[in-house]
Each structure stands twice: as structure tokens, then as C-alpha cells.
Amino acid sequence: MESQARSVRITYPINHQKTFLVTGGTGFLGSHLAVRLLAYGHRVFLLARGRKGDSAVARVRRLLDWFDVDDGTRSMLEVLEGEMAQPLLGLNEGDVQAVIGRVDEIVHCASDTSFSARKRDHVVRTNIEGLQNLLEVVQEGRCRAFHLISTAYVAGMVSGVCREAFGDVEAFHNIYEETKFRAERIAADHCDQNGIVLYVHRPSIVYGDANSGRTLLFNALYYPIRTLNYFQRLYTRDIQENNGEKAQGMGVHMASDGTLYLPVRIESLDASGVNLVPVNHFVAAFMAIRKEKPEGGVFHIVNSRNTAIRQLVVYIRRFFQLSGIRIAEPDEFIKQPKNGLELLFENHIQVYGSYMRDSRVFENSRTAAILAGQDVVCPDFSYETFATCMRYAVDMDWGRRLYQEGDTGCAKKSLMDTKRSPHRKSAG
Ligand SMILES: NC(=O)c1ccc[n+]([C@@H]2O[C@H](COP(=O)([O-])OP(=O)(O)OC[C@H]3O[C@@H](n4cnc5c(N)ncnc54)[C@H](OP(=O)(O)O)[C@@H]3O)[C@@H](O)[C@H]2O)c1
């Protein structure tokens with residue numbers, strides 16, 4: 001299996017060097033794709049925005065440190081400070097012209113990934129209006145290939161097999177799925193009318209690198225586990241430091257070997273599972289599809305086997321030394337209502353609830369054929385993979401220690417500020 005190299009250097013400059021615009025450059029998938037494109041010798045414009053006093057350039061520089069990207073490679077990247085929700089992406093005139101005049105391919109990763117109904121307006125603004133703003137800029141330019149990073153979950157509220165094609169969907173679990181579905185249609189119409197090749201990449205749930213466990217995002221797969229780990233730390237401290245009164249009140253106790261009993265039934269179905277893809281596979285699959293399919297299409301970047309929730313629970317119990325956690329069918333909660341800890345857990349993971357009862361299966365025959373031809377294989381989600389990812393997550397305190405010394409993989413590099421425009425900067 002092709003895996004993400006720990007240290008990123010230009011491996012081989014290729015004759016077919018292209019210029020890419022990658023949106024969502026500070027995100028999990030956008031940064032991984034951008035770094036891989038750089039490693040292949042391409043030029044990359046990275047659309048990113050500042051946050052909490054950190055400029056877009058400073059944020060990208062920190063990410064490049066995390067990836068251990070060398071100076072030569074960094075010089076192939078320029079940061080465009082922008083905001084999807086603004087007309088012309090909030091770019092200044094010079095940057096708009098750079099996108100129009102120089103970009104050959106676009107990789108659109110920027111997205112509001114919130115599932116919460118309360119954030120509906122925000123999600124629509126980024127995922128729909130943002131896409132329209134991007135397409136408006138692209139329309140004028142030389143770009144002939146548009147990679148839309150969508151999601152396998154555009155399938156919506158269905159059961160059974162989800163086809164690797166555009167289809168009709170009547171209902172969605174949340175605003176995220178709905179806007180991602182609508183975005184596919186908007187991009188398809190636009191690309192069709194403007195002679196642009198559209199690639200719709202639909203990953204399922206992406207977790208960290210299968211070999212190292214490294215990740216930049218601790219949501220989706222990680223979030224429910226992080227919640228259980230939070231309970232574990234809370235009640236262990238209570239038992240060890242405060243006579244365990246709170247723990248007792250919740251029915252939590254500790255065995256003599258240190259195993260913590262957490263009475264949590266996770267509402268699920270026996271057949272439920274999650275479809276998990278490591279980020280190194282996602283990146284390798286993206287590159288393989290791009291190379292093999294000049295005519296574009298819809299591609300399910302998924303695992304051919306779901307991981308049963310029941311199996312995940314076994315992994316969680318073993319890795320974290322927990323007992324008492326198990327899955328239970330909805331009927332059981334009628335006979336025996338949820339206890340305090342279960343209500344707390346449910347409250348924490350509310351937005352993921354429907355995914356705990358998911359039995360959708362993603363057909364991937366087109367993508368599988370491409371990947372097989374290039375020896376790109378999605379690994380099984382084994383206990384070893386799970387443990388590697390959880391070790392990294394715990395080491396990084398679920399993201400809080402992500403950029404601290406020791407995880408950057410290299411000495412911090414100074415910013416080579418080439419100031420071609422107020423917004424366009426090298427993150428070298
Ligand atoms: N990760 C997965 O498991 C997964 C699975 C299926 C599909 N996907 C899709 O993959 C793509 C990337 O997701 P991800 O996991 O990388 O998520 P992520 O880490 O949350 O990244 C989202 C990126 O979008 C940017 N963004 C959001 N709103 C923006 C706005 N209004 N203007 C400019 N930039 C904006 C974010 O910028 P800030 O950093 O400034 O917020 C961030 O760089 C998304 O389209 C998502 O739907 C992801």
C-alpha cells in the first residue's frame with residue numbers, strides 16, 4: 001500500500017507539472033492533498049484564512065512544519081488569504097488574476113463540516129454560496145479540471161447499497177449531507193456548461209495515517225471515543241483523589257487491575273457499522289484516480305468492508321482498559337431507560353447518533369478497479385490500526401497538544417515572506 005511519507009520532499013519533478021488551487025488548505029484533507037501535490041512537483045496555491053489572531057500564512061507554516069516539508073518544496077506553495085463566503089472568495093484583484101491566469105486544476109476541500117441544525121445558515125453560506133463564488137472565479141480562467149471533495153454520505157437517508165453515481169435523494173440526516181449533495185449538482189451543471197472535467201471524490205469517514213496514527217482532526221471516528229476517554233479520566237480522578245463519590249453516583253467503579261467499569265449502552269443495531277478510510281489511503285486514491293481518469297466522474301473512496309460498531313466497542317474496551325460499554329438495540333431502552341451516564345454520552349455525541357445505527361454500504365467498483373491497477377489498497381481497520389491511532393490521539397490530548405514542540409517533526413522554519421501581494425505569500 002502506498003503510504004504518506006513522514007518527511008515531505010520533492011521526490012521527482014515531473015514534466016507535466018501543473019498549478020493547483022487547493023481550498024480548505026488549513027483543513028485535514030486539504031493540507032494532506034496539497035502536500036502530496038507538492039511532493040509530486042506541482043505548484044500549489046492554497047486558499048486559507050486567518051483565525052484567532054493567526055494569519056493564514058502563519059497557520060499554513062505550522063502545518064508545513066507538522067508535515068516536515070523542506071524549504072525547496074515550500075517555495076512551490078503560495079498562500080492566498082481568502083474566505084469562501086465572500087464574493088470572489090474575498091481575494092484581492094491580483095490574486096483573482098493569478099487564479100484565473102495560472103491555475104490548471106482546482107481541488108475544492110473547503111467546507112463547513114458541522115452537522116448541527118443550528119448552524120444551517122453558516123453551512124449553506126460556505127458549502128453552497130462558497131462553491132458558487134469559487135465557480136464564478138474559475139469560469140473566467142484556464143482551469144480545466146475541478147476536483148470536488150464531497151462525501152459518500154450524500155447518499156442521505158437510505159439503507160442498503162449506495163451507488164457510485166449521481167442519484168436522487170429525498171431526505172438527509174443533517175444539513176452537512178444536504179449541502180454536500182446540492183454542491184455536487186451545482187458543480188456538475190457548471191462544469192458541464194463550461195467544458196470543465198469534474199471529479200467528484202466521495203470519501204467515507206477519514207481517520208489518521210494507518211501507519212503512524214498521525215491526524216490533524218479528532219472528530220467523526222474520534223469524537224465518541226474521546227467522550228468515553230473523558231469519562232474515564234474524570235471518574236478515575238474522582239476515585240483516586242476524592243473517594244469516588246461522583247463515580248458511585250453514576251454506577252462507575254474500578255476493578256483491582258485498574259479496569260474502569262462505565263455503564264454505557266450505546267444505542268445501535270447489530271448490523272450497524274462505520275466505513276473507515278485512513279488519510280494515507282484517501283490521498284493515494286485521489287492521486288490514482290486523477291492519473292487514471294482524465295474524463296472525471298464520481299468516485300467512492302471507501303473501505304470495501306464496514307467496521308461493525310460492535311467491533312469498535314471491543315477495541316475501545318481493550319485499548320482503554322474499560323468494561324461495561326456495550327451496544328444495545330433501541331428496544332432495550334424502552335424496557336430499561338437510559339441511566340445518567342448514558343444520557344450524558346448521548347448528549348455529547350448527539351450529532352453522530354444516526355451514524356451509530358448506520359448500515360449503508362458503499363459500492364465502489366469503478367474506484368476499486370482504478371486502485372487495483374495501481375496497487376493502492378485500503379487497509380482493514382484492525383485492532384493494531386485502532387491502537388496506533390488512539391495512541392497518537394491520546395498523546396496529542398485529542399488535538400490540544402498538536403503543534404507543540406515534539407510533534408512538528410522538524411525545527412520551526414522562518415517565514416520567507418515574499419510579499420507579492422498583501423494576501424499572497426509563500427509559507428516557506
Ligand atoms: N474528514 C473526513 O472524514 C471527511 C469525510 C468525507 C468527506 N470529507 C470532505 O472533505 C473536505 C475536507 O474536510 P476536512 O476533513 O479536511 O475538514 P476540515 O479539517 O474541517 O477542513 C475544512 C477546511 O475548510 C475551510 N473552510 C471552512 N469554511 C470556510 C470558509 N467559509 N472560507 C474559507 N475556508 C473555509 C477550513 O478553514 P479553517 O481552518 O479556517 O476553519 C478548513 O481549512 C470537506 O469537503 C468534507 O466535506 C471529509
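## A tour of the salt bridges

Select Arg-120 to start: at 37% relative accessibility, this residue counts as partly exposed. The model is predicted. Glu-178 sits in helix H6 (residues 175-194) and Arg-120 in helix H5 (residues 120-139). The pair links distant parts of the chain, 58 residues apart.

Next, pick Arg-305 and Asp-380. They form a salt bridge, the closest N and O atoms being 3.1 Å apart. Arg-305 is in the loop between strand E14 (297-301) and strand E15 (307-308), and Asp-380 is in the loop between helix H14 (365-373) and helix H15 (383-395), so the bridge ties together parts 75 residues apart in sequence. Arg-305 is exposed, at 52% relative accessible area. Asp-380 is partly exposed, at 43%.

Move to Asp-397 and Arg-400. Their side chains meet in a salt bridge, 3.1 Å from N to O. Asp-397 counts as buried at 15% relative accessibility, and Arg-400 as exposed at 55%.

Now select four residues together: Arg-265, Arg-326, Glu-332 and Glu-342. Salt bridges with shared partners join them into one network. Across the whole structure, a search finds 22 salt bridges.

Last stop: Asp-238, in helix H7 (residues 222-241). Which side chain of opposite charge is nearest to Asp-238? It is Lys-246, 5.3 Å away. A salt bridge needs the nitrogen and oxygen within 4 Å. Asp-238 is buried yet has no salt bridge. Show its contacts beyond four places in sequence: Asn-243, Gly-244, Glu-245, Lys-246 and Ala-247.

Technical notes:
Residues are numbered from 1 along each chain as its sequence is written. This is a predicted model: local features need pLDDT of at least 70, side-chain atom pairs count only at pLDDT 80 or more; totals for chains, interfaces and linings use all residues. Side-chain values use heavy atoms; hydrogens and water are left out. Helices (H or I, at least four residues) and strands (E, at least two) are DSSP runs, numbered from the N terminus. Buried means under 20% relative accessible area, exposed over 50%, partly exposed in between (1.4 Å probe, protein chains only). Lys and Arg count as positive and Asp and Glu as negative; His and the chain ends are not counted. Contact means heavy atoms within 4.5 Å.
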